[in-house]
Amino acid sequence: MARLQHTVTVAALDRCWFEECAALLLDVVESTRTGPGGTLLGGGEPVPGVRLVKGRHLRAGARYTVTQDPAPPTPGEAPQAPVETLTIGIREWRRSTAIAVEQRVASADAVGRVTLRLRTPDRPSGLEARCTLRDPAGGFLRRISGRARIDLAAWWATVAAPAGALPAARPPVSARARHPLGRADLSIAVRPAGDGARKAGTDGRKAGAGAWEVGVTVTVRGRALLRPPAALVLLLFRVPLKRAFRQGIDETAARWNEVVEAGLPSPEELRAEFTEAVVTRNPGEAGPG
């Protein structure tokens, strides 16, 4: 077993900003409508490649196809093969309780599904994700499954707790990945950092005053008869693994601080950027999300 742990200090977000942005983005999605010509935004702009093929729009049982065309070839480059169509289904859609969607994956390289469930979307309290993937041409070793949980209510309660308060019973973020060779567990804990030396963006409205101490822990275990050789490999590479792990966390934290402290967009600005990205996106370049 190998256990990697590192703690960083990051600029805090304002909860009201986060929840207002989430609500506005949902407003954009719910303003869409579907028809024979495909999917349109509330202003009539087409959403490229998205088509309702079953059920009622944004209702449980609805199913969509998302066609991702390849990026145009550069001069002298051979045209890319068409990107396969994704299938996305709606399991739940109630903004007062939960939104759940499922993406089915079926390509030459992978078969499986990914599900996401957001609790109380109007004021997000939690996000859950599950996935199962396998290589259709592979065998026993070419499959993986995982799940993740983000307890947003617990996160906000923890960062707002007074100094000296008892830590949460379990970390607000956790994830687990399973593979025939082993298992990896991730947990992320948070608490207010010191006297809040970090500040908001330039206009003071977009980042929460203060900072968070975020602790990231990853545990890797081999399975069954593979535990001894896996333990040996982890022992031999423990130092470079720790170095790479810490470097990755530090770089992520630095990027987060850079973006937050520079001033995040207002909710209205974010909605405008999101709308423009949806309308003008090139799926072959941008990929999912």
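**Figure 1. R95 forms a salt bridge with D27, with 2.8 Å between the closest N and O atoms.** The pair links distant parts of the chain, 68 residues apart: R95 is in the loop between strand 7 (86-94) and strand 8 (98-106), and D27 is in helix 1 (residues 15-30). A salt bridge here is a side-chain nitrogen of Lys or Arg within 4 Å of a carboxyl oxygen of Asp or Glu. Helices (H or I, at least four residues) and strands (E, at least two) are DSSP runs, numbered from the N terminus. The model is predicted: local features need pLDDT of at least 70 and side-chain atom pairs count only at pLDDT 80 or more, while totals for chains, interfaces and linings use all residues. Residues are numbered from 1 along each chain as its sequence is written, and side-chain values use heavy atoms, with hydrogens and water left out. R95 counts as buried because its relative accessibility is 14%, whereas D27, at 32%, is partly exposed (buried is under 20% relative accessible area, exposed over 50%, partly exposed in between; 1.4 Å probe, protein chains only).

**Figure 2. The side chains of R191 and E213 meet in a salt bridge of 2.9 Å, N to O.** R191 lies in strand 13 and E213 in strand 14, so the pair ties together parts that are 22 residues apart in sequence. E213 is partly exposed, with a relative accessible area of 23%. Elsewhere, salt bridges that share partners join D27, E30, R95 and D122 into one network. The structure holds 18 salt bridges.

**Figure 3. D185 forms a salt bridge with R221, the closest N and O atoms lying 3.4 Å apart.** D185 is in strand 13 (residues 182-192) and R221 in strand 14, so that this pair also links distant parts of the chain, 36 residues apart. D185 is buried at 14% relative accessible area, and R221 is partly exposed at 32%.

**Figure 4. The second largest pocket is lined by 19 residues.** Nearest its centre lie I150, L152, W155, V173 and W256. Strand 1 (2-11), helix 2 (152-159), strand 14 (211-222) and helix 4 (238-262) each give two or more residues to the lining; helix 4 gives the most, with four. A pocket is an open set of points, on a 1 Å grid over the protein atoms alone, where a 1.4 Å probe fits, with protein on both sides within 12 Å along at least five of seven lines; lining residues have an atom within 4 Å of a point.
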